[in-house]
Amino acid sequence: MSTIDFGVFIGRFQPLHIGHEHVIAHALERCDRLIVLVGSANVARDPRNPFTYAERAAMLRGAFPDAVAAGRLIIAPLDDHLYSDTAWVAQVQRSVRALVLEHGNGGGFHTHGLADFRVALTGFGKDASSYYLKLFPEWANLQIDSQYGTFSSSDVRSRYFQRIPEVPAAILSAGVADFLRGFMLGETFRALLEEAEFLAAYPAQWGRGPFVTADAVVVQSGHILLVERGRAPGKGLLALPGGFVNPDERIRDAAIRELREETSISDAKGQIPPAMLASFIEDARTRVFDAPGRSLRGRIITHAFLFRLPERRQLFAVKGGDDAAHARWYRFGDLSPEMLFEDHWAIIEEMADL
Ligand code: NAD
């Protein structure tokens with residue numbers, strides 16, 4: 001019997017490589033069961049997060065079929081909360097408690113509580129991204145030393161998203177390498193490659209920023225106004241109407257201008273004039289969204305404005321302003337995080353009180 005009932009390992013696994021597998025294999029030797037939480041489970045595909053939760057869970061199951069079959073390796077999704085580490089920590093705690101109680105009690109009545117189980121967080125203090133290992137002082141620390149140097153998933157991604165993709169088989173298990181070889185033949189790979197090339201060229205054209213943008217969070221009667229992006233970055237994803245601030249305008253005016261340009265929002269009298277749109281802004285809700293990694297284009301700091309339009313049975317009319325964007329009202333209940341561009345889901349969550 002090991003002294004640890006449940007190990008917890010958190011990672012993005014974009015993709016899973018032999019460094020991760022080394023940690024998992026060693027943790028399995030030292031814990032009765034290991035819970036692997038697959039992070040960033042709720043984000044749209046992009047060159048940094050190219051594989052869905054389902055694809056990454058399949059990579060893990062393929063690498064450890066026996067441990068999964070024996071119920072010793074438990075895989076679960078974990079969503080990002082970019083602007084609230086507290087919400088993220090709470091979700092980790094809730095998820096681990098539910099899994100420990102379910103598996104520790106053999107699926108039957110919960111005769112044991114969380115305090116009856118010894119839980120340890122495992123990982124390898126690679127770099128700053130591992131700061132979250134310190135966010136859970138209630139759990140013991142199970143440090144696994146790496147035998148595999150400091151390579152990372154980003155090395156795999158930069159070699160893979162090329163015109164002539166390289167699958168670095170030396171640092172991937174056979175199942176993951178096979179998956180990558182199959183994936184690179186499909187449409188999704190081509191779209192991600194196009195996006196990666198766009199992003200690689202971006203700093204040479206525009207610099208690295210910081211850039212200032214404005215976004216409009218426009219709500220009316222349980223709906224939110226979004227645009228479907230017609231081109232890279234994020235082609236096909238939904239985004240808040242918004243864009244870069246011109247050198248000679250105020251940020252708030254940029255939000256109104258972009259809203260009008262991208263959606264042609266109108267009432268019975270025609271396009272709504274800027275002053276009237278301004279009157280719908282709830283000033284107290286204006287917020288800056290500045291997560292350093294929020295855009296893969298560079299350092300982009302956005303200011304989001306909440307426009308609360310009057311409740312109506314007939315929503316204001318909208319149409320796509322140009323070929324880059326197609327505007328539509330969406331019911332909140334029909335949206336899910338992975339449909340949205342960059343951190344726009346997190347912005348909507350914060351601004352519209354979802
Ligand atoms: P990762 O896949 O890069 O790494 C996972 C683990 O594997 C880490 O402990 C890492 O140190 C280890 N590892 C990496 N390379 C290794 C190697 N060569 N040898 C041995 N071990 C190696 O994942 P990550 O980026 O650390 O994942 C963190 C997840 O938690 C992300 O999804 C992130 O978004 C999420 N997170 C979210 C919030 C929030 O939403 N507020 C806050 C913190 C973390």
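**View 1. The two domains of the protein chain.** In this predicted model, the protein chain is divided into domain 1, which covers residues 4–183, and domain 2, which covers residues 211–351. When the centres of the two domains are taken over C-alpha atoms, 34 Å separate domain 1 from domain 2.

**View 2. The interface between domain 1 and domain 2.** The size of an interface is often given as the accessible area that is lost when the parts come together. Here, domain 1 and domain 2 bury about 860 Å² between them, and 68% of this area lies on carbon and sulfur atoms. Of the area that domain 1 buries against domain 2, Asn 42, Ala 44 and Tyr 83 supply 63%, which is more than any other three residues. Nine residues of domain 1 are in contact with 14 residues of domain 2. Two residue pairs are in polar contact between domain 1 and domain 2, whereas the count of salt bridges between these domains is zero.

**View 3. The buried face of helix 6.** Within helix 6, which runs over residues 174–183, the residues Val 176, Ala 177, Leu 180 and Phe 183 are buried. Seen down the axis of helix 6, these buried residues fall within an arc of 125°, and therefore they line one face of the helix. The elements that cover the buried residues of helix 6 include helix 1 (18–30) and helix 2 (53–63), together with helix 5 (153–160) and helix 7 (187–206).

**View 4. Leu 99 and the residues around it.** Leu 99 has its place in helix 4, which spans residues 85–104. This leucine, Leu 99, counts as buried because its relative accessibility is 12%, and buried means under 20%. If residues up to four places away in sequence are not counted, Leu 99 touches Phe 6, Ile 35, Leu 37, Ile 74, Ala 76 and Gly 104. Gly 243 stands 144 residues apart from Leu 99 along the chain, and the C-alpha atoms of these two residues are separated by 42 Å.

**View 5. Glu 249 and its polar contacts.** Glu 249 is found in the loop between strand 9 (242–244) and helix 8 (251–263), and with a relative accessibility of 19% it counts as buried. The side chain of Glu 249 is joined to the side chain of Arg 257 by a polar contact of 2.6 Å, while a polar atom of the Glu 249 side chain lies 2.9 Å from the backbone nitrogen of Asn 246. Leaving aside neighbours within four places in sequence, Glu 249 is in contact with Phe 244, Ala 254 and Arg 257.

Terms used. Residues are numbered from 1 along each chain as its sequence is written. This is a predicted model: local features need pLDDT of at least 70, side-chain atom pairs count only at pLDDT 80 or more; totals for chains, interfaces and linings use all residues. Side-chain values use heavy atoms; hydrogens and water are left out. Buried means under 20% relative accessible area, exposed over 50%, partly exposed in between (1.4 Å probe, protein chains only). Helices (H or I, at least four residues) and strands (E, at least two) are DSSP runs, numbered from the N terminus. The arc is that of the directions from the helix axis to the C-beta atoms. Contact means heavy atoms within 4.5 Å. Domain bounds come from an automatic or database domain assignment. Buried area is the accessible area (1.4 Å probe) that two parts lose on being put together, summed over both. A salt bridge is a side-chain nitrogen of Lys or Arg within 4 Å of a carboxyl oxygen of Asp or Glu. A polar contact is a pair of N or O atoms within 3.5 Å; within protein, one must be able to donate a hydrogen and the other to accept it, and residues adjacent in sequence count only if both atoms are side-chain atoms.
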